[in-house]
Amino acid sequence: MSAPAAARGGAPGRGWETVVGLEVHVQLLTRTKMFCACSAAFGDPPNTNVCPVCLGLPGALPVPNEHALRLAARAAFGLGLTVHPRSSFARKHYFYPDLPKGYQITQHRAPLSTRGRLEVASPDRGAVPVGITRIHVEEDAGKSFHDKVPGMTAVDFNRSGVPLIEIVGEPDLRSPAEARAYLAALKQVLLYLEVSDCSMEEGSLRVDANVSVRPAGSAELRTRCEIKNLNSFGHVERALTAERDRQIAAYERGGTIEQRTMTFDAATGEVRPVRAKEESHDYRYFPEPDLPPLVLEPEWLAEVRASLPELPAAKRARLERQYGLAAREAAVVTATAALSGSFESFVTLSGAANGKEAWNWFANDLLSFSADGETIPLPLERAAAAVKLVQAGKIGRQSLKPLLARMVETPAADAEALAQALGLLQVSDSGAIDGWVREVLAAHPGEVARCKGGEKKLFDFLVGQVMKRSKGRADARLVNAALTAALEIQG
Ligand code: ZN
Ligand code: MN
């Protein structure tokens, strides 16, 4: 299991450095497949979204999906890659039951895009730039099921031909936790770009991890192993930790590491080699004869580039600047594009004196009612109306959460009417407050005398007693003023 290794922190087998590079396959958000008009929907009955093209029947010809290419270019621009006006498709051959053609259409020598980078908040090293070697377009294979029919493998070809991008990262990551942080940052950018739903449960984001270790301080790249098909960020971190520890242990025993393809068993936390038979690396790439080179017009590329939204890093920097937020605060409200949109609307609607004040209400009060950490479960205008009751001194700061809770349950009711029904409205009637002050002074003559004698903390005690008599509803500022005045008159 990974727990003991994780508990040892960054220093298992002291003196070793971990080197990780990730390859991420992401399913593009298209209605139809990469090279045919079949639906790319997830979860339909098996083998219902198929045709001669995606079943690999003889004579069927592929036609590229323009929307998939647009999303791929969008992802590449968003991650700072150069998108090439001319690229080409190739056939990658291997034999597996879920690959009906016997090859996958992908891009090999001339990929769509090259050389980008993503800045990652590393838990160990602060902000680190991670290089992205290339992003290319390809098609998915079908899906094999080894547990549906006893003694047999079942294949569903609905996924065959679904459009993917493969995002190949440089070996710039230095720990399992850093690899996880990279994936989180990558997923956030892809979601902002709306190129994929990035659902790991549905297989629309899958990770292959290359890992090696080397003596700390050395620049050599030792033999790496590849762990295939990791389907959660937690699995990536655990698998990398297990594989790192395995390699360090082998070197410390005086052994060597053989380049192998590994799988991760989430139940045992172990990595083990796949059967050698399944790891033939000779894919016999050759150019796809059924597809001409992919030529993207400069106007088309310019249009795709111009349509990019503000991305997470730029948005965080802007919110820090514009609203005076700390880096951590900006990160909270930019978790998703929708959330940051809500925050900025709320700043305006709430009439807050500054962005920091609006952030406090938004992050500490409103966001605590969100089930998914993204959706605020009541219209922002109504939330702002509740906040305005605090600003006007009609309810206390501490009454905001209970009021919002009731507003979430009763969507139509007026904020002030609800505050009244809940008994949250502050008493600012000076007659009532003076009355409570007189009662408190009469009930605590000893404390009053000591307060006048200079024991200032007894003033807070007396304020507390007045608040108690008002059942928490007295306007604290008015209580302070009334008590000060009363003590002076008495003195
Ligand atoms: Zn098809
Ligand atoms: Mn691939």
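Which spacing do the donors of the manganese ion (ligand 2) follow along the chain? The spacing is H-x112-E-x27-E, where donors are N, O and S atoms within 2.8 Å of the metal (3.2 Å for Na, K and Ca), and water is not among the atoms, so sites may look incomplete. This is a predicted model: local features need pLDDT of at least 70, side-chain atom pairs count only at pLDDT 80 or more, and totals for chains, interfaces and linings use all residues. Residues are numbered from 1 along each chain as its sequence is written, chains are lettered from A and ligands numbered from 1 in the order in which they are written, and side-chain values use heavy atoms, with hydrogens and water left out.

**Manganese site**
- The protein donors are H25 (NE2), E138 (OE) and E166 (OE), at 2.0 to 2.2 Å from the manganese ion (ligand 2).
- H25 belongs to strand β1 (residues 16-27) and E166 to strand β10 (residues 163-169), so this pair ties together parts that are 141 residues apart in sequence.
- Strands are DSSP runs of E with at least two residues, numbered from the N terminus.
- Both H25 and E166 are buried, meaning under 20% relative accessible area (1.4 Å probe, protein chains only).

**Residue Q104**
- Q104 sits in strand β5 (residues 103-106).
- Its relative accessibility is 8%, so Q104 counts as buried.
- Leaving aside residues up to four places away in sequence, Q104 touches A90, R91, K92, Y94, L99, E138 and E139; contact means heavy atoms within 4.5 Å.

**Cysteines**
- The whole structure has zero disulfides, a disulfide being a pair of cysteine sulfur atoms within 2.5 Å.
- C36 is buried, at 13% relative accessible area.
- C54 is buried too, at 4%.

Note on methods:
Helices (H or I, at least four residues) and strands (E, at least two) are DSSP runs, numbered from the N terminus. Buried means under 20% relative accessible area, exposed over 50%, partly exposed in between (1.4 Å probe, protein chains only).
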